[in-house]
Each structure stands twice: as C-alpha cells, then as structure tokens.
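Please read them with the structure open beside the text.

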Amino acid sequence: MTRITGRHLLKSQTFSQCGKCSGNVSDSDEALQCDKCKLWLHRTCTDVSKEAYPHLTTKSGCKWFCPRCSSTIDIAIVDPGEIVHNLIKNVKDEVEKLSESIKSMNTDSLKLKNVSQQQQGNTDHVQRSIRIKNLPEVNSKPSQFEH
C-alpha cells in the first residue's frame, strides 16, 4: 500500500483494516491514516470531502486526525484573516522603512548636488583668474595711434 501521510511515504504490500467499517483498505482505495494513532480509514468512512482528499494525501504538511483522536487533541486554529492582517502590517512596516531610506538618500543627493555646484563655482573662479593672469600685459606707453 502506498499512501502519503503527514511527511512520510508509506509502502506496504499488506492490507490494513478500516478503523470504522472494518473493511480492507487497499492501494486502490481512497484512504487516510491518522497522524496520531496511525489507524487507516476509507475516505468515505470519514467526513473528508473528495475535494479535500488530495490535499491531505500529498506532501503538503497537512495533518489529519481520525474522529477519535481529533476529540482528544487540542488543536489551535488560527484565523486566516489574522494571518493576512499581520502579513499586511509587516509589508507596510517594510515599505515605511524603505520610504525613510529613500527620503534620506534624496536629502544626501541634494547635499551632494549643492557641494558639486559650489565646487563648480570655485573651479570657474579659478579658471577666470588663470585667464586673467595669462592675458598679455598691456603696454603703459600710449599707442602711436592715440592722439
């Protein structure tokens, strides 16, 4: 028999007996094994729907407990809405952190731009000073053309 229960793939050539109807559970039967007592039950002997069955018999990490064991196990049921709410809150917190980082980078960028403009102004001033120093000297004698 091959069944996937919880996280373990079980293989066996022997038949198991259904914990409810006492009939044989074979490879061709849709059956579930309780994750606590390891008892096998036909799907039709449980309240598991045909649609839910594939999810319980894959390596999805879902646990299934027979009616007897489920009445003795304290299972915490988490509200999916609460999970979604917490996930949204976490995403909003991360977005806020990223937003603050972007604002900080923008501020730093503006500071760098101002420093760069100041440096450019200083460079322009130095270049003008160099050009003035390199101008040919003007002769102090009056030109022959001047009258």
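1. Tryptophan 64 touches Leu32, Gln33, Cys34, Asp35, Leu41, Thr46, Val48 and Leu56, leaving aside residues up to four places away in sequence; a contact here means heavy atoms within 4.5 Å.

2. This is a predicted model, in which local features need pLDDT of at least 70 and side-chain atom pairs count only at pLDDT 80 or more, while totals for chains, interfaces and linings use all residues. Residues are numbered from 1 along each chain as its sequence is written, and side-chain values use heavy atoms, with hydrogens and water left out.

3. Trp64 also belongs, with Leu32, Val48 and Cys66, to the residues with the most contacts inside the largest nonpolar core, which has 14 residues. Such a core is a set of buried Ala, Val, Leu, Ile, Met, Phe, Trp, Tyr and Cys residues joined through side-chain atoms within 4.5 Å, where buried means under 20% relative accessible area, exposed over 50% and partly exposed in between (1.4 Å probe, protein chains only). The elements giving two or more residues to this core are β5 (31–33), β6 (40–42) and α1 (53–56).

4. The structure holds zero disulfides, a disulfide being a pair of cysteine sulfur atoms within 2.5 Å. The sulfur of cysteine 37 lies 3.7 Å from the closest cysteine sulfur, in cysteine 69, which is too far for a bond. Cysteine 45 is likewise in no disulfide, the nearest cysteine sulfur, that of cysteine 18, being 3.8 Å away. Cysteine 37 is partly exposed, with a relative accessible area of 30%, whereas cysteine 45 is buried, at 14%.

5. Buried residues make up 18% of the 147 residues in the protein.

Terms used: Helix = DSSP H or I, 4+ residues; strand = E, 2+ residues; numbered from the N terminus.
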